[in-house]
Amino acid sequence: MSIDYQEKIPNNVDLSEDRRLQRALEKWQPGYQQWWAELGPEESAQMDVYLRTAISVDPGGWANYGYVKMPEYRWGIFLSPAEEGRLVNFGAHKGDPAWQEVPGEYRAELRRLIVTQGDTEPASVEQQRHLGLTCPSLYDLRNLFQVNVEEGRHLWAMVYLLHAHFGRDGREEAEAMLERHSGDADKPRILQAFNEPTPDWLSFFMFTFFTDRDGKYQLASLAESGFDPLSRTCRFMLTEEAHHMFVGETGVGRVVQRACEIMNEHKTEDVRKYGGIDLPTLQKYLNFHFSVSVDLFGQELSTNAANYYTIGLKGRFQESRIDDDHLLGDNTYSVAEIKGDEVVFGDQNALTAINEWLRDDYIRDCQRGVDKWNKVIGEAGIDFELKIPHRAFHRGIGAFSEIKATPDGKIITEADWDHHHSDWLPTAEDRAYVSSLMEAVTEPGKVAGWIAPPAKGINGQPREFEYVRFN
Ligand code: BYC
């Protein structure tokens, strides 16, 4: 399925056959471009960036690499190929043909899911807009920009659904995507993690590891949707998302590696003295980004989530691979809750526990990445283990937002929390230290002293390739 690049809006949905829709999207396009110019990557308009662009949605061979000025990036609408005879595969409509149009009775729920998903995409671009000025290498700068243009495209993906399937209120929602802004006092982004600043590159790598991974799990659940256009859109988005998590995993991995090198070279734990980021500081950043990201799965017990499932709009991760009836009427699921001053697990109705189920899948996936970082530490012969904090730690959503807990999951008093939280979360001083390391390194092949060089270049290019030209 090739993509039509002759069109003003590249697409593989035969946009030119639907003049009204095409005109509506072409009307939205200048607002998007203006938003990119104002709130996209700072001072980047003149740069030539070695980016990949989708040229087809077929597996393998979809990406084309070349220099692009970001304002000229060909943002467009790409859906994975339709699966003939696809059925709704869970909930009350299980076995019905998947919907090609919005089922009228579920319009509000569907719109809400699409708007929440869409809102995160431009939010992340806004959060990361200053980072280019302090890139640790051209390789990293290019990766940041690749992530940014793809998040921009993910906004297009959701705006297309709103325009194509929700009429006037869809168009209004599409406008509102460009009116809310990350951290804005009056019109903030919808989910809290997307209102937190991403002030430095360590935060960026943690964000792409932990928060983009929430994106993976949410998109995978929406890819199961009985609403076929949403499913197809999300399936293609997932192929792009994989690179973002690669950036996070290898980014943090390289910071870990550099810390270990400094420790071994100088036989010291005082990594900061030699311009690195010490492992305890990495642990604090990890604690912060993990806890903010697990909030994104919603409440442990959610009637919203049960409803989305029952009406066939949002499934579980890899729904069809799960061996059960895909209705979940009588099933139970083990959910963490507070009993007295302890966190215990108890069986709950599986339908209302869908958010927690997805959170569990997510936590297991995070652990796999953290294990890789620990392998780097182990291989350096250093006795230290990075740990994912307990799900009760530092929560803003759900049952645990009512209490204070240690990273091990022990419930503590407010006074104990006040006394200890600076041991667990980055302090102003930690952030100031990390921020003091952020200075742009823009000579091809050179890398800042706080991070190890990447294992290899992009698309078979050498590490010293000029991934960004400043002009
Ligand atoms: N912040 O019943 P509950 C990505 C609200 S990231 C603020 O548990 P539900 C990306 C909730 O709205 C993926 N409010 O909620 C990553 C509800 O409000 P009402 C984004 C929150 O609906 C990196 C109330 O609390 N995609 O793609 O089951 C870079 C009760 O909660 C939050 C999606 O999120 C929160 N964290 O679950 C770029 C998928 N959590 O009804 C991109 C679509 C809950 O009382 N969204 N609330 O007014 C959803 O599926 C659901 O909205 C959620 C929440 C899973 C987020």
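Two exercises with worked solutions follow for this predicted model.

**Exercise 1.** Describe the geometry and the surroundings of helix α5 (residues 201-223).

*Solution.* 
Step 1. Compare the span with the expected value. The 23 residues of α5 reach 30 Å from the first C-alpha to the last, which is close to the 33 Å expected at 1.5 Å a residue.
Step 2. Look for a bend. The helix α5 bends by about 35° at F207.
Step 3. Inspect the start of the helix. There, a side-chain oxygen of D200 comes to within 3.0 Å of the backbone nitrogen of L202.
Step 4. Of the 23 residues of α5, 22 are buried, so the helix is largely enclosed by the rest of the structure.

**Exercise 2.** Determine how many cavities of 30 Å³ or more the structure holds, and characterise their linings.

*Solution.* 
Step 1. Count the cavities: there are 2 of 30 Å³ or more.
Step 2. Take the largest cavity, with a volume of about 60 Å³. Its lining includes F207, T211, F288 and H289. The helix α7 (279-294) contributes the most, with 4 residues. The lining comprises 5 nonpolar, 5 polar and 1 charged residues.
Step 3. Return to the bend. F207, where α5 bends by about 35°, is one of the residues lining the largest cavity.
Step 4. Take the second largest cavity, of about 50 Å³. Among its lining residues are S221, K314 and N355. The helix α9 (354-379) gives the most to this lining, with 3 residues. The lining divides into 4 nonpolar, 3 polar and 1 charged residues.

Technical notes: Residues numbered from 1 in each chain as written. Predicted model: local features only at pLDDT ≥ 70, side-chain atom pairs only at ≥ 80, totals over all residues. Heavy atoms only, no water. Helix = DSSP H or I, 4+ residues; strand = E, 2+ residues; numbered from the N terminus. Expected span 1.5 Å × (residues − 1). Bend = angle between axes of the 7 residues up to and from the residue. Buried < 20%, exposed > 50% of the residue type's maximum accessible area, 1.4 Å probe, protein only. Polar contact = N/O pair within 3.5 Å; in protein donor to acceptor, adjacent residues only side chain to side chain. 1 Å grid on protein atoms, 1.4 Å probe; cavity = no way out; pocket = protein on both sides within 12 Å on 5 of 7 lines; lining within 4 Å. Points joined across faces, edges and corners; volume = space filled by probe spheres on them. Nonpolar A, V, L, I, M, F, W, Y, C, P; charged D, E, K, R; others polar.
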